[in-house]
Amino acid sequence: VQLQASGGGLVQAGGSLRLSCAVSGNSFKNYALGWFRQAPGQERDAVAFISRSGMSTRYADSVEGRSTVSRDNAKNTAWLEMNNLKPEDSAIYYCAVGFHSSLNYGLLTTARQYRYWGQGTQVTVSS
């Protein structure tokens with residue numbers, strides 16, 4: 001399984017970005033998905049999680065209310081849309097997938113639960 005994150009870039013504070021995560025193979029629907037980010041010198045932080053069907057989602061407090069995670073299993077793709085971006089959102093954003101037995105409600109909420117990771121996409125928010 002390979003993951004390709006894209007859509008990052010340089011944006012002004014208050015702007016928006018939509019990150020994409022393309023997943024190879026035919027088993028995307030079997031995986032819960034998460035978005036994480038890591039800023040220089042800081043630990044990797046969770047951003048958002050989504051269940052296999054997309055029915056359940058959860059967000060970090062830092063992005064709650066201004067981010068939306070979604071997925072299309074037919075397209076093997078997930079997205080993270082972020083609005084009202086702040087300089088503190090600047091980081092490399094990673095998508096990851098891991099197996100979960102629950103189709104609708106299962107979320108993987110820690111990095112160690114994820115088996116496959118993408119290479120990351122840089123998001124820089126200027127003030």
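Predicted model: local features only at pLDDT ≥ 70, side-chain atom pairs only at ≥ 80, totals over all residues.
Colleague: How many helices and strands does the chain have?
Modeller: Helices (H or I, at least four residues) and strands (E, at least two) are DSSP runs, numbered from the N terminus. From that terminus on, the elements run β-β-β-β-β-β-β-β-β-β-β. The count is zero helices and 11 strands.

Colleague: What is the radius of gyration of the chain, and what does the globule rule give?
Modeller: The radius is taken over C-alpha atoms, and the rule is 2.2 Å times the number of residues to the power 0.38. For 127 residues the rule gives 14 Å, and the chain comes close to it, so it is as compact as a globular protein of that length. The C-alpha atoms fill a box of roughly 40 × 25 × 25 Å along the principal axes. The radius of gyration is 13 Å, against 14 Å from the rule.

Colleague: What percentage of the residues of the chain count as buried?
Modeller: Buried means under 20% relative accessible area, exposed over 50% and partly exposed in between, with a 1.4 Å probe and protein chains only. The chain exposes about 6500 Å² (Shrake-Rupley method, 1.4 Å probe; for residues, only the protein chains shown count as cover). Of its 127 residues, the buried share is 46%.

Colleague: Which residue in strand 8 is the bridge partner of Cys 21?
Modeller: Strand 8 (residues 77-82) has five of its six residues buried. Strand 3 (residues 17-23) pairs with strand 8 in the antiparallel sense over six bridges. The bridge partner of Cys 21 is Ala 78.

Colleague: Which residue in strand 8 is the bridge partner of Val 69?
Modeller: Strand 7 (residues 67-72) and strand 8 run antiparallel and are joined by six bridges. One of the bridge pairs is Asp 72 with Thr 77. The partner of Val 69 is Leu 80.

Colleague: What is the phi of Asn 76 in the turn of the hairpin?
Modeller: Strand 7 and strand 8 form the hairpin, with four residues between them. Asn 76 counts as buried because its relative accessibility is 19%. Most residues other than glycine have a negative phi. Asn 76, although not a glycine, has a positive phi of about 55°.

Colleague: Is Asn 84 buried or partly exposed?
Modeller: Asn 84 is placed in the loop between strand 8 and strand 9 (91-99). Its phi is near 45°, a positive value in a residue other than glycine. At 44% relative accessibility, Asn 84 counts as partly exposed.

Colleague: Which backbone oxygen does the side chain of Ser 56 reach?
Modeller: Ser 56 lies in the loop between strand 5 (45-50) and strand 6 (57-59), and counts as buried because its relative accessibility is 14%. Contact means heavy atoms within 4.5 Å; leaving aside residues up to four places away in sequence, Ser 56 touches residues including Phe 49, Tyr 105 and Leu 107. At 2.7 Å, the side chain of Ser 56 reaches the backbone oxygen of Asn 104.

Colleague: At what distance does a polar contact join the side chains of Arg 37 and Tyr 93?
Modeller: Arg 37 lies in strand 4 (residues 31-38) and counts as buried because its relative accessibility is 10%. A polar contact is a pair of N or O atoms within 3.5 Å; within protein, one must be able to donate a hydrogen and the other to accept it, and residues adjacent in sequence count only if both atoms are side-chain atoms. The distance between the side chains of Arg 37 and Tyr 93 is 2.8 Å.

Note on methods. Residues numbered from 1 in each chain as written. Heavy atoms only, no water. Pairing = 2+ DSSP bridges.
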